[in-house]
Amino acid sequence: MDAPALAHPGPILTWERQPAALLARHERGLTRIDAVAPDILRVRFSPGSALQPPRAWGSLPDLPATELGLSGDDEALHLFVERLAARLDRTSGALTFATPGGSEFARDLAPPGWREVAIEETALAQGPDAELPPGAARTGVFLRKRLAPDEGCFGLGQRPGRLDRRHRRFTNWTVDISSPGHCRGEENMYQAHPVLLAVRPRLAWGLFLHSTWYSTFDVGAGDSDVLTLFTLGGELDYYLFAGPTPAAVVEQLTRVTGRPALPPLWALGYHQSRWGYASDAEVRAVARTFRERDIPLDAIHLDIDYMDGFRVFTWHPQRFAAPAETVAALHAEGIRAVAIVDPGVKKDLTSGYPVADAGLRGGHFVRGPDGEPFSGWVWPGESLFPDFCRADTRRWWGEQQAALLDAGVDGIWCDMNEPAIVDRPIGTEGERARPIPLAARQGEAGEALHVETHNLYGTLMARAAAEGLARRRPQRRPWVLTRAGYTGVQRWAASWMGDNRSSWEDLETSLPQLASMGLAGSAHVGVDIGGFYGDCFAELFARWIEVGTFYPFMRNHTQCGSRPQEPWAFGPQVEALARAAIRLRYRLLPYLYTLAHLAHRRGEPLLRPLLYDFPDAAHLHPIEDQLMVGPQLMIAPVYRPGVRRRLVELPPATWYDLRTGARLAKRDALIAEAPPGALPIFVRGGAILTLGNVRRSTMEPLTELTIEAYPDPQAPGEWTLIEDAGEGLDYQHGGLAETHLAIASLRDGAALSIAARSGAYQPPPRRLILRLHLPEAPAGLRLDGRTSDAWRWRAAERAAEIALADDGAAHRIEVIP
Ligand code: GLC
């Protein structure tokens with residue numbers, strides 16, 4: 001059967017220049033193109049006579065407009081910003097984009113088209129009588145763009161398919177995945193990221209479909225060379241990013257959708273969690289065991305067990321009778337407490353449960369189309385759901401956190417916020433999802449339908465949590481973890497990928513999954529180390545924790561009833577490997593924390609695919625089982641049983657082996673030895689890696705900073721170490737310490753220069769260890785121009801080392817050949 005015909009806008013009848021925008025009126029509908037930035041255009045099309053006004057709950061940061069160049073000829077209107085050009089065809093309304101040099105990309109194969117859509121054409125059918133609400137919700141807008149034959153397509157967030165998304169179809173609609181685990185596939189999960197990054201040799205561009213409605217991307221599935229966007233809501237609205245590199249696209253995307261929040265330093269440490277730490281005694285015992293076994297730990301997560309009958313913002317009167325004491329005991333061990341919060345508020349209106357009572361009185365819950373508060377079932381039984389689209393509801397919700405913050409809780413973990421709801425008590429036979437009705441009205445004056453706001457539910461919950469933390473503790477950095485989200489969620493929360501399985505497949509999947517989150521703007525991401533569903537086992541855990549060392553967010557978490565999954569649960573051998581992996585994480589913290597600052601400044605993901613750093617090496621673009629950790633490190637994880645060595649592609653650069661300190665001979669690939677505990681880690685030539693001493697937690701001071709220089713034979717290298725107090729907001733007002741580091745190439749005689757530290761933050765006193773990795777022991781070293789005899793050759797690491805007290809002054813070490 002042929003698809004129903006689309007209506008098209010027809011020729012442009014009139015057009016006008018507006019400040020930094022073009023407004024063109026077609027026979028039917030209008031196109032508006034805004035110059036958002038010198039490298040970003042925003043395109044909107046409406047079949048009607050006006051565009052939607054901005055939504056009160058819309059959450060993109062404001063950007064200053066930029067200048068738009070505009071000219072017209074008989075055939076087309078031509079638009080220019082500094083790094084991007086567009087051509088709008090007068091007859092058809094189709095758009096083409098081009099680089100300033102004239103290379104075309106993202107060409108519309110046809111102008112936008114629209115038609116009425118039936119619910120069966122979407123994945124939204126909620127039951128036999130489900131319908132799309134009348135009006136905009138039923139108007140689907142379609143857009144077809146050409147994909148170049150050599151374009152790889154990336155992004156689209158956490159879904160567990162391949163890194164390269166081409167030849168696949170995707171839905172953007174947040175759901176609590178019903179089948180356990182992250183089986184390889186394209187399906188939609190907890191987060192909706194309508195973000196595409198297209199990469200071909202020498203040109204990357206990006207597209208963010210700014211629609212929170214149900215939408216789909218067909219990325220060359222129906223037709224290999226066609227990208228088809230579809231959204232409900234009766235309007236097309238997308239941002240086009242000029243690139244020209246993947247890194248530039250991610251920077252542009254996060255300029256529009258917001259940069260990742262800077263986490264407190266502790267959040268980059270190791271987190272331990274389990275659904276089932278069911279009492280104060282159990283939590284204390286976990287903390288104690290970490291300390292007894294000398295395994296670093298920065299946070300313990302409290303799952304729903306701490307609540308009283310799963311009532312959000314309560315503590316269980318017996319099992320957590322004195323929560324402030326529980327949290328204080330953790331703090332005394334240098335461990336922070338993170339508490340889970342679910343949006344479903346138990347509909348308990350008879351026992352004086354203030355959250356339900358005050359929430360109803362304040363009109364804070366989502367109402368169904370009939371105007372009555374909507375209810376569905378979650379952990380606590382029948383529950384009501386806050387309308388996070390309302391600013392006063394977000395504020396009210398944030399205030400409820402006092403129940404946790406007054407006890408000293410440090411971070412908030414937002415769960416079940418797709419939102420996940422079922423149609424009868426959880427665990428009852430025949431249980432099915434019971435979504436909030438698509439026609440429910442949300443927002444200040446009920447201005448929006450749930451079908452429009454659904455994808456934002458998780459983000460707005462995270463925002464309510466973060467803003468509540470910031471209001472109550474203005475001197476501290478909010479730290480929020482979320483399961484659901486929409487592009488932009490990175491401004492308020494780190495994300496974990498939900499309920500994976502203790503399986504090799506899920507370990508493997510975590511690599512493209514987290515890399516794709518980074519490309520969608522979320523830099524602070526992780527999966528449950530060891531797996532959530534099912535029982536983990538020794539070899540899998542050993543492999544998972546060694547990869548987890550490099551997850552931007554490093555947390556071990558599992559389901560209730562599964563076998564113990566703490567680092568010591570698999571015997572002394574695995575415990576030793578896990579301890580070493582977690583210690584390596586702590587060694588890496590100065591580097592990772594600098595990366596967190598870079599993510600906050602320009603969106604740069606901590607963990608990313610090779611294509612991000614090597615965009616010109618097209619053969620590496622689809623690779624998903626080797627990842628970069630910042631620009632300096634490359635990891636090649638083992639994710640299959642029994643594997644002891646693996647193939648490693650070497651991107652075009654000089655590489656060192658982190659463990660041996662040896663420089664590798666130039667070649668395209670190698671077979672790396674990789675027994676458990678020895679995950680292959682490579683350092684890029686020219687890198688200057690900053691490592692800290694191992695600490696039990698980040699509450700202890702950094703007493704040693706090691707600066708490891710890996711000279712490139714041909715090229716110099718540089719890096720800036722960024723430090724601050726690790727907590728608080730002083731970093732926004734100059735409270736930073738930046739140390740610029742540089743190495744000369746080996747050819748020019750390796751030398752490491754440390755510039756004088758700049759900025760108002762003063763690190764605690766510490767020792768500085770400088771290491772230069774060299775092919776062989778040098779004849780000597782000069783420190784600050786004078787020959788030194790205080791250095792030594794560390795044969796095992798192939799490095800010349802010298803130590804001094806860190807006085808913040810400039811230093812230089814030179815090799816005497
Ligand atoms: C959900 C979360 C999981 C949590 C559980 C109980 O399944 O994804 O992390 O442990 O709920 O709260």
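I took a polar contact to be a pair of N or O atoms within 3.5 Å; within protein, one must be able to donate a hydrogen and the other to accept it, and residues adjacent in sequence count only if both atoms are side-chain atoms. The model is predicted, so I noted that local features need pLDDT of at least 70, side-chain atom pairs count only at pLDDT 80 or more, and totals for chains, interfaces and linings use all residues. Residues are numbered from 1 along each chain as its sequence is written, and side-chain values use heavy atoms, with hydrogens and water left out.

Entry 1. I looked up the side chain of Arg-166 and found one of its polar atoms 2.7 Å from the backbone oxygen of Glu-151. Beyond four places in sequence, its contacts (heavy atoms within 4.5 Å) include Cys-153, Val-219 and Asp-225.

Entry 2. I then turned to nonpolar cores, each a set of buried Ala, Val, Leu, Ile, Met, Phe, Trp, Tyr and Cys residues joined through side-chain atoms within 4.5 Å. The largest has 181 residues, and Tyr-306, Trp-397 and Leu-752 have the most contacts inside it. Apart from it lies another core of 42 residues, among them Ala-24 and Leu-196.

Entry 3. I traced an open sheet of five strands (E runs in DSSP, at least two residues), in the order β35-β36-β37-β41-β39 with antiparallel pairing. The twist averages 35° from one strand to the next.

How values were computed
Buried < 20%, exposed > 50% of the residue type's maximum accessible area, 1.4 Å probe, protein only. Pairing = 2+ DSSP bridges. Helix = DSSP H or I, 4+ residues; strand = E, 2+ residues; numbered from the N terminus. Axes fitted to C-alpha atoms, helices over the stretch in contact; angles between N-to-C directions.
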